[in-house]
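Please look over the sequence and model first.

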Amino acid sequence: MRMTNFTARLQRLFKPSRGWVIAVPLLWLTLFFLLPFGIVLKISLSEAAISIPPYGPIFDYANETLNVIVTFSNYLFLTTDTLYVSAYWGSVKIALLATVLCLAIGYPMAYAMARAPAHWQLVLLLLVMLPSWTSFLIRVYAWMGILSNNGLVNNLLIWAGLIDSPIRMLNTNFAVILGIVYAYLPFMVLPLYANLTRLDTSLLEAASDLGSRKFNTFLRVTLPLSKGGIIAGSMLVFIPAVGEYVIPELLGGPNTVMIGKVLWEEFFHNRDWPVASALAMVMLAILIVPIALFHRYQSRELEE
Amino acid sequence: MRKPSFTTVMLIAGLVFLYLPMIILVIYSFNSSRLVTVWAGFSARWYVELFRDQQILSAVWTSLRIAFFSASMAVCLGTLAAFVMVRFARFRGKTALSSMVTAPLVMPEVITGLSLLLLFVHMAQLIGWPADRGMVTIWIAHTTFCSAYVAVVVASRLREVDLSIEEAAMDLGARPVRTFFQITLPVIAPALAAGWLLAFTLSLDDLVIASFVSGPGATTLPMVVFSSVRLGVSPKINALATLIILAVSLATFLAWYLMRRSEARRRQAMLQDMTAGR
């Protein structure tokens, strides 16, 4: 009797019910995505220490009293050193510029793809996506050889007689922006294309029937209707670009200060974990509005 | 001849912009000179040297293993998450779960990497695990962000699936699990395969997160490439890059070919059904 009771309970436990389907991803993400942010927050509030790991405790239990020691010194430190402020400002500026350029190049591309004959669309889509599947690192690296002082562009310009001595292109902010535009362009084109293919063409026909010129129709009908795609694409470029580490490290120079690079150096070279955590928390605070914008678009997509 | 429109010109220019740097890289990988930018004649010597480099070869093997396990786990987790997002009625915490699933898509890599490392350090202090970081911690980290991509791919397919077939199976007495494995799974299989491939390439490609959560025991291919190219351009890396580009292009072409073939077969079957029905 007890035995059957036990097996019944076991069966109930392992019956793949609704609860299990929800619980597994929820548990995984809580443990490996949500909880880590709490820990970053905690460490950003603790004092740096010369120990392993290099930070002091926040909770201290002694003499039957629990002491909570929280310090905002790490955040204050970020405001005292101009390096950090200029790194945040520099990241946002470079990311914004790259996003605008991606949009300017990507929108006409997506538009042409959406208007292409149906049997061409899959091929074009594949052609745009293929570069983003080959290694990101390799694609950034490709530009190092092209932009360097004795690289292809400079050699071509000298050969053509346009310049006498090589122009410095590698290790400048120009190279960083070019690298970001190059690496993230497919992420701009894809949501725009997805949005533009769903566009109701009867609206465009109605506009032209009513005598609207092509450009006017684009400005008053197509552009407002593709707002969702523009937001999604822009956020997919802007948010990772702000935290970018690889591109400024490989293509940037001494004048390129971006927050991802500073955070990396603070963490790995200075081993100041509390300051690195504070840097991450402030970065997250800056990105919270763009992330929320992206989520609103994403959840609307999912509900459609 | 008709004048091509502005957007068509932009599309072609954009595609040239995307492919030209990679084509130049491939051409220069056959350069015999040690100086990467000076052309000195055709040679395959850098490929020979690449295959002699034990460090690179062992990093390739490490990366492939991590990518395989991460992609497999990410498909399981991502599919479950997609099911919850698309099929389940509203429940408390659904919005929270959905936004947590897609959050890793946009989260800057330095933040994800840093926070996961700090978690592992804490866990090691509290429960003594993981004692040292390496393949397992990279696997956990990659699974976490890859499942977000899988969830998005699978969710978009799930929304297109005709529910009536599943309902018919249930009406005929199939239990939910059986319905899932016999009806739903075969229908969404292409999306699972696409999600697995996407997760596999994402895991192979990741440098920042892997650098944070790995220990001395595990060095992935991007980590080796990065440490050698930050010092400058190297002809051996050109050869490696060419091989990576070649492998990805071949895989993509194969996927496209299979997709087109299955599409054609489906269309033909549909045509036959229709004519038979008449």
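Which residues of chain B does UniProt list for "transmembrane region"? The unreviewed entry gives 7–30, 66–89, 101–124, 136–158, 179–199 and 237–258. Positions follow the numbering used here, feature names are shortened, and annotations may be inferred rather than shown by experiment.

The model is predicted: local features need pLDDT of at least 70, side-chain atom pairs count only at pLDDT 80 or more, and totals for chains, interfaces and linings use all residues. Residues are numbered from 1 along each chain as its sequence is written, chains are lettered from A and ligands numbered from 1 in the order in which they are written, and side-chain values use heavy atoms, without hydrogens and water.

Two of the listed spans are described below.

Now the interface. In contact (heavy atoms within 4.5 Å) are 90 residues of chain A and 83 of chain B. The two chains bury about 7800 Å² between them, 82% of it on carbon and sulfur atoms. Buried area is the accessible area (1.4 Å probe) that two parts lose on being put together, summed over both. A:Trp28, A:Phe33 and A:Tyr141 supply 10% of the area that chain A buries against chain B, more than any other three residues.

The rule finds one salt bridge across this interface. A salt bridge is a side-chain nitrogen of Lys or Arg within 4 Å of a carboxyl oxygen of Asp or Glu. B:Arg230 and A:Glu249 meet in a salt bridge through their side chains, at 2.8 Å, N to O.
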